[in-house]
Amino acid sequence: QIEKAESGQGAGGFMYYTGNLNKCVFNFRANTITSSSAKTNGGTICFENINGQLRDYNFSGNTITSTKAEGAGGLMYCDGSISGSIKIEANNKLGSISGTNGGAFYINNTDVNGLTGFAVINNKQLGNFEAVKGLGGLLYYSGKANGSFVFSGNTLSSSKSGIDGGTIYFRNQGGALTGLEYTGNSIESTLSVGSGGLLYYEGAISGGIKIESNAKLNSTSGTNGGGFFISNSDPNGINGFSITNNKQFGTLVSTNGSGGLLYYSGKANGNLTIKDNMISSSTAGKNGGSFCFENMDGGKLSNLEYSANDVKTTSLGGSGGLLYYTGAISGLVKIEKNTKLNSGAMNDGGAFCIKNTVSNGLMNFNITDNVFGNIKSTDGSGGLVYYEGGGATSGAFNFTGNTIAEASSKGSGGSIYYKNQNGTLTNLEYSNNDVKTTSIGGSGGVMYYAGAISGTVNIIGNKRISSISSASGGAFYISNNDSNGLTGFNINDNSQI
């Protein structure tokens, strides 16, 4: 029991160390501290001006009620070389505040080879953290890092920063993470004045990103990424992105930026999967009320899947009320079996805005078996979906088995706007839907399609279509530029138009 430790005019409220280290392992374990503070850096511990290197850094099993630094590192400040791994694990209770960077942990790693891994796991009573005028409400890391960064199984009451990274600020200088994982956490409230309400990551990631099975998250940022801001500089890009099974995402806000939950910039390959999530409310001042993916030149997604989600979301000032994606997709876009979605955007794509830059285009685009509420594009086109790009070279567009309470757009395509610039659809299918929709200012009350179709158009077995447009095509506007034209056009068994 350390009741009180104070450094009245200096650094290191409990301990200050400067000097040589010879591949030293640093362990801070099973300590109980009631109060610790420092006038400058390191409210409890300060390592600075270190010669040599730490091999590993372990902080586990501690109970710390209150610690504070007027400088950086409210709990711990480390400026020097760390060549191995960092673990912050199974701490019982932590609460900390700093005047500048790193509300609890400030780590500036000068090692030329960098870390081999970083884990913040199973900390069950993380309390209140703040970097008042700095970066990283809980954690600030700057330096080279390889291996994976894992933030898993943590419970946190409140964390905020005066700049970026309400909980975590991670700047990877020269290294490349093999994976980034955020799983099994419960976060009551996190806030950043800048980007990344929860996590700000800048640097290279060559592997996959997982945001999975989290119990709770309420998060706000002033600019991009209400929850997560990830700027990936890896020349090859990530290999897969999974956002799945998050059941209690609450209120997520990017006040003046893009991506109410997530903002991602950089190359991306593999599959993007958003599945089995529940979001109470998610908003963005610009693009992507929940998700924004942009500046992705050079990568190529195989598939994009959005399925079995329950979301209320809106994009206040831009495009893509739910999701904004600009980049290459070569395979399948699948939006299916979503149980609830209410969404609006100021510009194009009341829910989904997808701008595909790949020259060959998609193989298929399927929107099937969804229950949508009220969807609106206030000043743009595509009340539900706005798609623009190379299109499908050998596949189809299928809109089947969906229910929409109401969808509207000021421009064309009250529900769907599809501009197929270079590809050729083999088929266009609109069947077994129950839709009330309207396009206020343009063509195609339900759907606007411009591009090539070489096969068949089917509008079959729809239970209800209620649609108005102020220009051409009260329900469907199809402009086919294929040199050979359609081989079939079927409008059958629609029970109530």
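**Figure 1. Cysteine 24 is partly exposed in this predicted model.** Its relative accessibility is 27%. Cysteine 24 takes part in no disulfide. Its nearest cysteine sulfur belongs to cysteine 78 and lies 10 Å away. A disulfide needs two cysteine sulfur atoms within 2.5 Å. By that rule, the model has 0 disulfides.

**Figure 2. Cysteine 353 is buried and in no disulfide.** How much relative accessible area does cysteine 353 have? The value is 0%, so cysteine 353 counts as buried. The nearest cysteine sulfur is that of cysteine 292. It sits 9.6 Å away.

**Figure 3. Lysine 23 and alanine 30 each have a positive phi.** Most residues other than glycine have a negative phi. Lysine 23 has a phi near 50°. This lysine lies in strand S2, which covers residues 15–29. For alanine 30, phi is about 55°. Alanine 30 is in the loop between S2 and strand S3 (32–38). Is alanine 30 buried or exposed? Its relative accessible area is 62%, so alanine 30 is exposed.

**Figure 4. Phenylalanine 118 belongs among the residues with the most contacts inside the largest nonpolar core.** That core has 105 residues. Phe105, Phe241, Phe291 and Phe365 are also listed as having the most contacts inside the core. Which strand gives the most to this core? Strand S4 (residues 45–60) does, with 6 residues. Now look around phenylalanine 118. Leaving out residues up to four places away in sequence, phenylalanine 118 touches Ile86, Ile88 and Ile107, among others. Leu139, Tyr141, Ser148, Phe149, Val150 and Phe170 are also touched by phenylalanine 118. A second core is separate and has 18 residues. Among them are Ala11, Tyr77, Tyr106 and Tyr200.

**Figure 5. Strand S37 pairs with strands S34, S35 and S39.** S37 covers residues 416–431. S34 (residues 385–389) runs parallel to S37, and 5 bridges join the two. Here tyrosine 386 stands opposite tyrosine 417 of S37. S35 (residues 396–400) also runs parallel to S37, again with 5 bridges. In this pairing, asparagine 398 faces glutamate 429 of S37. How many bridges link S37 and S39? The count is 11, and the pairing is parallel. S39 spans residues 447–460. The bridge partner of leucine 425 in S39 is isoleucine 453. In a regular strand, side chains alternate between the two faces of the sheet.

**Figure 6. Aspartate 482 is a buried loop residue.** The loop lies between strand S41 (476–480) and strand S42 (488–492). Aspartate 482 has 17% relative accessibility, so this residue counts as buried. The cut-off is under 20%. Which residues are in contact with aspartate 482, leaving aside its neighbours within four places in sequence? They are Thr424, Ala452, Ile453 and Ser454. Ile453 is also the bridge partner of leucine 425. Leucine 425 is 57 residues from aspartate 482 in sequence. In space, their C-alpha atoms are 9.4 Å apart. The side chain of aspartate 482 also reaches the backbone nitrogen of glycine 485, at 3.0 Å.

Key. Residues numbered from 1 in each chain as written. Predicted model: local features only at pLDDT ≥ 70, side-chain atom pairs only at ≥ 80, totals over all residues. Heavy atoms only, no water. Helix = DSSP H or I, 4+ residues; strand = E, 2+ residues; numbered from the N terminus. Buried < 20%, exposed > 50% of the residue type's maximum accessible area, 1.4 Å probe, protein only. Contact = heavy atoms within 4.5 Å. Polar contact = N/O pair within 3.5 Å; in protein donor to acceptor, adjacent residues only side chain to side chain. Pairing = 2+ DSSP bridges. Core = buried A, V, L, I, M, F, W, Y, C linked by side-chain atoms within 4.5 Å.
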